[in-house]
Amino acid sequence: EMAQPGFVALAGLPAPGFLDTIGDQSTLNQKWKRWKEEFQLYCSASGIENKTQKRALLLHLVGHGVREVVSTYAEDKKGKDDDFEKLVTCLNDHFSVKENIPRARQTFLEMKPGDNETVHNFVIRLKRTAENCEYGTEKDNQIRDKVIQFLHDDNLRSKLYRTENLDLSSLLTVCSEFHNKEALRVV
């Protein structure tokens, strides 16, 4: 079977999975942005440049739920078979409408670490959730404060409080250098 011109299939290169459109509406824009980044990387790594092929591949990989969304839009909004950019703009607009800042912030404020979750993993989850909160320059401070809230080791907490200009980066450095690694577990 011959590959189409301009298409190089890389053996073992996993395609992005379906975009999960079920769940909290306030996080759909974040999910879409992350999925779109993975798709662009996949296309770049595979050498896919043809707009008709990229559009078809996007619609195939993104899943039935998003294809149903696209089917509700008129052609002038979603574009024709060879209009990849128009489709992406249509989906960008669709998912951005779903943002709900108060709900996203409530989700962030309600977050708790998982059983035996490390500080670093908790920070990663908090960062993802905070993307939709529009905290601006305060985002890292919100994450820092949320982490400190769940630290159970008094010595570690005390060391953090004594750290001058404690920002998120400093918090992660202090935690990684702390002698008692069990203290890095959050409760």
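Reader: What is the mean pLDDT of the chain?
Author: The mean pLDDT (the predictor's confidence in each residue, from 0 to 100) is 85, and 86% of the residues reach 70 or more. This is a predicted model, in which local features need pLDDT of at least 70 and side-chain atom pairs count only at pLDDT 80 or more, while totals for chains, interfaces and linings use all residues. Residues are numbered from 1 along each chain as its sequence is written, and side-chain values use heavy atoms, with hydrogens and water left out.

Reader: Switching to the largest nonpolar core, which residues have the most contacts inside it?
Author: That core (buried Ala, Val, Leu, Ile, Met, Phe, Trp, Tyr and Cys residues joined through side-chain atoms within 4.5 Å; buried means under 20% relative accessible area, exposed over 50%, partly exposed in between, with a 1.4 Å probe and protein chains only) has 24 residues, and those with the most contacts inside it are Phe108, Val119, Ile143, Val147, Leu160 and Leu171. A second, separate core of 20 residues includes Trp32, Phe39, Ile48 and Leu61.

Reader: What does Leu171 touch?
Author: Not counting residues up to four places away in sequence, Leu171 touches Val119, Arg144, Val147, Ile148, Leu160 and Leu166.

Reader: Now Glu131: where is its place?
Author: Glu131 lies in the loop between helix 7 (119-130) and helix 8 (139-150), helices being DSSP runs of H or I with at least four residues, numbered from the N terminus.

Reader: Why does Glu131 count as partly exposed?
Author: Because its relative accessibility is 45%. Leaving aside neighbours within four places in sequence, Glu131 is in contact with Gln30 and Arg34.

Terms used:
Helices (H or I, at least four residues) and strands (E, at least two) are DSSP runs, numbered from the N terminus. Contact means heavy atoms within 4.5 Å.
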